[in-house]
Amino acid sequence: MQQNKLTKITVLGAGAWGTAVAIALAARHDVLLWGRNPRQMQEIEAARDNRAYLPGHPLPAALRVSADFDAALAHVATSAPDETPLLILACPVAGLRPLLEQLRGRSIPNVVWLCKGFEAGTSLLPHQVVAQVLGDVVPGAALSGPSFAQEVARGLPCALTVASSSRALRERVVALAHGDNLRVYSCDDLVGVEVGGAVKNVMAIATGTSDGLGLGLNARAALITRGLAEITRLGLALGAQPGTFMGLSGMGDLILTCTGDLSRNRRVGLALAEGKALATIVAELGHVAEGVPCAKAVRELAHKLGVDMPITEAVAGVLFDGVDAARTAAGLLARDPRIEVA
């Protein structure tokens, strides 16, 4: 596939995933990585390494870094008339609306978001938040799938999915991001891709807890399988396409996050099994674990829609209601038998 090495891309957000994506794309494009903390960005520029969030992965010489928001936007506003640059939002779900508010009224080509989850308080998916703030004027897309930042930054193989109602934007993202060891597929099921990317984090907490309690590999397989059923039920209730959950942003992301040692949400579950308090776990983690706020939002949404999500109920109970993890696991195992359906 022909690539344009001069295409301008701005990544807003210098956390682990934003940095990894910027590193991967800078091999073939003109990329600027923006972070809101001037001191952090100065340190990254000096060391050419994001020691706070992605240590040990040197930034390419061509990758520019900045804490100047106006300059970051100007980078994608000065492209040639015949090319379409990308503006990538690499913030947590909690930071999406504030970042979008900064973009409101600005001249931007498009928005591609990397965050996975439901917004706390509204239970909105990222594309719904984008629509509320920016309306339908700016084309938008979600880039999701099974991906650990450390491996992408190392250039190891990875496959992602870009979802958007805009065929032109989907094709543009594929054209720019697909290449080397990064494969990018596309679909038009924004709801399915976002639900899969959000709820798999809750299931990873459940799986980590199970593993931490020593319940074995059989239990892990059961949780992943029944977790996929829960994700599918919620997705269908929200209007997703069923086939999406058998793809990268569904089954693929679920398997990786539930089993990979680099998974933050899995580590939350492991710590819960040790009896640690949630505040301690979050403090020790040092990074955002989206499954924590997502568990509360998904539980509320499932109640509202009448969707049966026992694993999510169990995780939210342990996280927020003071329920004992071992007792919760026993409760799941004691559920009445039923016909296996999604």
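**Entry 1: surroundings of A271**

I began with the contacts of A271, which, once residues up to four places away in sequence are left out, touches K276 and I281. I keep in mind that this is a predicted model. I then placed A271 in helix α11, which covers residues 264-273, and I found A271 to be buried, because its relative accessible area is 9% and the cut-off for buried is under 20%. I also looked up I44 against A271, and the two lie 227 residues apart in sequence and 31 Å apart in space, taken from C-alpha to C-alpha.

**Entry 2: α8 against α10**

Which angle do the axes of α8 and α10 make where they cross? I read roughly 25° for helix α8 (residues 190-212) and helix α10 (residues 248-259), whose axes come within 8 Å. Angles under 35 degrees count as roughly parallel, and α8 and α10 are therefore roughly parallel to each other. I noted the crossing of α8 and α10 as right-handed. On the α8 side I listed V193, G196, G197, K200, N201, M203, A204 and T207, and these meet S249, D253, L254, T257 and C258 in α10. Sorted by class, this contact of α8 with α10 holds five nonpolar, six polar and two charged residues.

**Entry 3: α8 against α13**

I next turned to helix α13 (residues 291-305), which packs with α8 at an angle of about 110°, the axes being 8 Å apart. Since 65 to 115 degrees is the range for roughly perpendicular, α8 and α13 are therefore roughly perpendicular to each other. From α8 the contact takes in A198, V199, N201, V202 and I205, and from α13 it takes in G291, V292, C294, A295 and V298.

**Entry 4: cysteines**

How many disulfides does the count come to? I found zero, with the rule asking for two cysteine sulfur atoms within 2.5 Å. For C158 the closest cysteine sulfur is that of C187, and because the separation is 16 Å, it is too far for a bond. C158 counts as buried, at 10% relative accessibility. I then checked C258, which is likewise in no disulfide, the nearest cysteine sulfur being that of C294 at 13 Å.

Definitions and conventions
Residues numbered from 1 in each chain as written. Predicted model: local features only at pLDDT ≥ 70, side-chain atom pairs only at ≥ 80, totals over all residues. Heavy atoms only, no water. Axes fitted to C-alpha atoms, helices over the stretch in contact; angles between N-to-C directions. Helix = DSSP H or I, 4+ residues; strand = E, 2+ residues; numbered from the N terminus. Parallel < 35°, antiparallel > 145°, perpendicular 65-115°, else oblique. Left-handed = near helix turned anticlockwise from the far one by under 90°. Contact = heavy atoms within 4.5 Å. Nonpolar A, V, L, I, M, F, W, Y, C, P; charged D, E, K, R; others polar. Buried < 20%, exposed > 50% of the residue type's maximum accessible area, 1.4 Å probe, protein only.
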